[in-house]
Amino acid sequence: MNAVIKVGGKQYFVKENDVIFVEKLNAEAGDKVSFDQVLMLDNKVGNPYLEGATVLGEVLKNGKQKKIRVFKYKSKDRSNRRTQGHRQPYTQIKITKING
């Protein structure tokens, strides 16, 4: 069974036993999570969501992605140069069951 779910403002195409990385959720490792914003289930499309459809998952871990460098500058102005780093937090989830 395939589904498209909406988590953290993004859409994810999932199947059972898939492992996905989503925006950080307020859940600890080992917690069970349920997603009720199911946009599509097999070939059924919701308007905007399907009634009664849920996707169940288990939180594997919370973490941070690799650091990216952000460099800002203005041309011909040597005083306005700035380097920053950013690590986006994420939650790793294993999809356990899709209910339709």
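Start by selecting Glu23: at 24% relative accessibility, Glu23 counts as partly exposed (buried is under 20% relative accessible area, exposed over 50%, partly exposed in between, with a 1.4 Å probe and protein chains only). Before going on, note that this is a predicted model, where local features need pLDDT of at least 70, side-chain atom pairs count only at pLDDT 80 or more, and totals for chains, interfaces and linings use all residues. Residues are numbered from 1 along each chain as its sequence is written, and side-chain values use heavy atoms, leaving out hydrogens and water.

The side chains of Glu23 and Lys10 meet in a salt bridge, 2.4 Å from N to O (that is, a side-chain nitrogen of Lys or Arg within 4 Å of a carboxyl oxygen of Asp or Glu). This pair links distant parts of the chain, 13 residues apart: Glu23 sits in strand β3 (residues 19-23) and Lys10 in strand β2 (residues 10-15). Strands are DSSP runs (E, at least two residues), and helices are too (H or I, at least four), numbered from the N terminus.

Next, select Lys32 and Glu58. Their closest N and O atoms are 3.6 Å apart, in another salt bridge. Lys32 lies in strand β4 (residues 32-35) and Glu58 in strand β7 (residues 54-64), 26 residues apart. Lys32 is exposed at 64%, while Glu58 is partly exposed at 25%.

Finally, zoom out and color by secondary structure: you'll get 0 helices and 10 strands. Of the 100 residues, 26% count as buried.
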